[in-house]
Amino acid sequence: MLMRTDPFREIDRLAEQFFGTTSRPAVMHLDAWRDGDYFHAAFDLPGVDPDSIDCTVERNVLTVRAQRRRPTSDGIELVAAERPMGTFSRQLFLGDTLDTDRLEAAYEHGVLTLRIPIAERAKPRRVPVTAGNGHRQITA
């Protein structure tokens with residue numbers, strides 16, 4: 001049987017207040033980057049059932065929710081319970097320069113990856129410049 005002695009329980013208690021508990025999990029960790037004409041966001045969600053992941057976009061707010069549950073069935077005796085369980089949620093405020101209508105999401109190896117294209121209106125473009133009477137056109 002597993003036995004645990006913990007002389008640092010007070011440190012654990014303080015860490016749980018900062019990072020979360022099993023009843024109030026800590027925020028899901030995120031990496032975000034731009035690669036050419038796309039913005040990417042990767043969320044760590046190990047052990048989450050892909051069917052529990054919910055991504056919604058309302059105006060410019062992206063909300064990601066996922067749930068991780070403990071296995072339950074008759075005859076299971078829980079010996080240790082240290083992994084955070086429950087509903088995880090994270091919101092990102094997206095700029096107007098992203099085309100959220102074409103957002104793509106994939107979940108693989110415990111990582112949810114979102115790929116959002118940069119909107120056409122946000123990409124650099126050439127503006128034609130005309131001289132005072134319109135006879136000569138210069139392209140900037």
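1. In what order do the four strands of the open sheet lie? In this predicted model, the order is β1-β2-β7-β6, and the strands pair in antiparallel fashion. β1, which covers residues 30–35, and β6 stand at the edges, and because each has a single partner strand, one side of each is left without a neighbour in the sheet. From one strand to the next, the twist averages 15°.

2. At the β6 end of that order, β6 and β7 run antiparallel and are joined by five bridges. Within this pairing, Glu104 stands opposite Arg115 in β7.

3. The side chains of Glu104 and Arg115 also meet in a salt bridge, with 3.3 Å from N to O. This pair links distant parts of the chain, since Glu104 belongs to strand β6 (residues 104–108) and Arg115 to strand β7 (residues 111–117), eleven residues apart. Glu104 counts as partly exposed, at 42% relative accessibility, and Arg115 is likewise partly exposed, with a relative accessible area of 29%.

4. How many salt bridges does a search of the whole structure find? The search finds two, and one of them is the pair of Glu104 and Arg115 described above. Arg102 forms a salt bridge as well, its partner being Asp99, and the closest N and O atoms are 2.8 Å apart. Arg102 counts as partly exposed, because its relative accessibility is 45% and that class lies between the limits of 20% and 50%.

Key. Residues numbered from 1 in each chain as written. Predicted model: local features only at pLDDT ≥ 70, side-chain atom pairs only at ≥ 80, totals over all residues. Heavy atoms only, no water. Salt bridge = Lys/Arg side-chain N within 4 Å of Asp/Glu carboxyl O. Buried < 20%, exposed > 50% of the residue type's maximum accessible area, 1.4 Å probe, protein only. Helix = DSSP H or I, 4+ residues; strand = E, 2+ residues; numbered from the N terminus. Pairing = 2+ DSSP bridges. Axes fitted to C-alpha atoms, helices over the stretch in contact; angles between N-to-C directions.
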